[in-house]
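Work through the exercises below with the sequence and the coordinates at hand. Each task is followed by a solution in steps.

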Amino acid sequence: MHTASIQLSQTFNDADEDREKLLAIDVEEPVETKFRVRNLTKFSEGEMAILKGIDMDVPRGMIVGIIGPSGSGKSTLLRAFNRLWEPPAGTVFMDGKDVCELDVISLRRKVGMLFQLPVLFEGTVADNVRYGPQLMGRKLSDGEVYKLLTLANLDSSFYNKIGSELSVGQAQRVALARTLANDPEVLLLDEPTSALDPISTQNIEDVILKSKQQSMTTIIVSHSIKQIQRVADVVCLLVDGEIVEVLKPNNLAQAKHPMALRFLELSS
Ligand SMILES: Nc1ncnc2c1ncn2[C@@H]1O[C@H](COP(=O)(O)OP(=O)(O)O)[C@@H](O)[C@H]1O
Ligand SMILES: [Mg+2]
């Protein structure tokens, strides 16, 4: 049995011996680190700390959930992984390489992202799904488009639809198919279902779980503790720019940090 770990930020009171610094997850295969984050810090223009020295290792092929109060820095942290927010050099590493030194376009192809509200481009669903490969000079065949639609839990009738014919939930699934068309290694999901109905939510969660079987690494920010418990392998609680707890989804009740406890109480 091998273990993978996610490291907590270092700002804990070290005297508190009850509090483990590392969470070990039992896995059958040795797990590589997909992302390493070290001392990731961000200040606002008013010199307010938004991220306070985040340390974390994201194991390859796992689903890492991030929860926390709004304004705690979840979106900022997520955006550092594909440089939608440019992190300081030497803080975020993918497969051991500083993301700041990678070509940003190819980084974003490998690290796909979905937001709370989908924005579709003009044209049909099929045009949207073809968009990413087209930029690389490759036209997806009809069969490939249908396969991606199926992967995103959309039937073939969606192929020729346009954005205005879709519900938000359907559009989000199209956005997911469009992201998957780039054959990403990582999915960043920023509250991907908070605007969706329960059926679409379930569809998206299905896709997240299916993608894990294709060894996708996923980092999902969610305000829904139940959702995190359904999909994530490990949960980071982000409070006020710090990861204050790392727990297994079923052990959230064991959180000890006062702010984390309060957040969990209020959201359950
Ligand atoms: N570009 C920015 N400039 C200044 N402050 C920002 C910027 N982006 C986010 N913030 C602030 O950083 C904090 C964290 O924001 P965010 O990452 O969006 O939190 P969350 O996603 O957890 O709600 C908030 O207080 C927000 O107002
Ligand atoms: Mg956010």
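The exercises treat a predicted model, starting with the ligand shell and moving on to a sheet and the helices on it.

**Exercise 1.** Determine which residues surround ligand 1 and how the shell divides into nonpolar, polar and charged residues.

*Solution.* Step one is to list the residues with a C-beta atom within 6 Å of the ligand. For ligand 1 this gives Ser44, Glu45, Ile50, Gly68, Ser70, Gly71, Ser72, Gly73, Lys74, Ser75 and Thr76. Step two is to sort them: 1 is nonpolar, 8 are polar and 2 are charged. Step three is to assign them to elements: helix α1 (residues 74-81) supplies the largest share of the shell, 3 residues.

**Exercise 2.** Give the strand order of the open sheet and explain why one side of β8 and of β12 has no neighbour.

*Solution.* First, write the order of the 6 strands: β8-β9-β10-β5-β11-β12, with mixed pairing. Next, look at the edges: β8 (111-114) and β12 (242-247) each have a single partner strand, so each is left with one side lacking a neighbour in the sheet. From one strand to the next, the twist averages 20 degrees.

**Exercise 3.** Describe how β9 is joined to β10, and find which helix lies across both.

*Solution.* Start with the pair: β9 (residues 186-190) and β10 (residues 217-221) run parallel and are joined by 5 bridges. Then take one residue: leucine 189 has isoleucine 220 in β10 as its bridge partner. Finally, place the helix: α6 (residues 198-213) lies across β9, β10 and β5 (63-67), at about 155 degrees to β10. Helix α8 (residues 258-267) also packs on the sheet, where it touches β11 (234-239) and β12 and makes about 110 degrees with the direction of β11.

How values were computed:
Residues are numbered from 1 along each chain as its sequence is written. Chains are lettered from A and ligands numbered from 1 in the order in which they are written. This is a predicted model: local features need pLDDT of at least 70, side-chain atom pairs count only at pLDDT 80 or more; totals for chains, interfaces and linings use all residues. Helices (H or I, at least four residues) and strands (E, at least two) are DSSP runs, numbered from the N terminus. Ala, Val, Leu, Ile, Met, Phe, Trp, Tyr, Cys and Pro count as nonpolar, Asp, Glu, Lys and Arg as charged, and the others, Gly among them, as polar. Two strands pair if DSSP finds at least two bridges between them. Axes are lines fitted to C-alpha atoms, for helices over the stretch in contact, and angles run from 0 to 180 degrees between N-to-C directions. Two residues are in contact if their C-beta atoms, placed from the backbone, lie within 7 Å.
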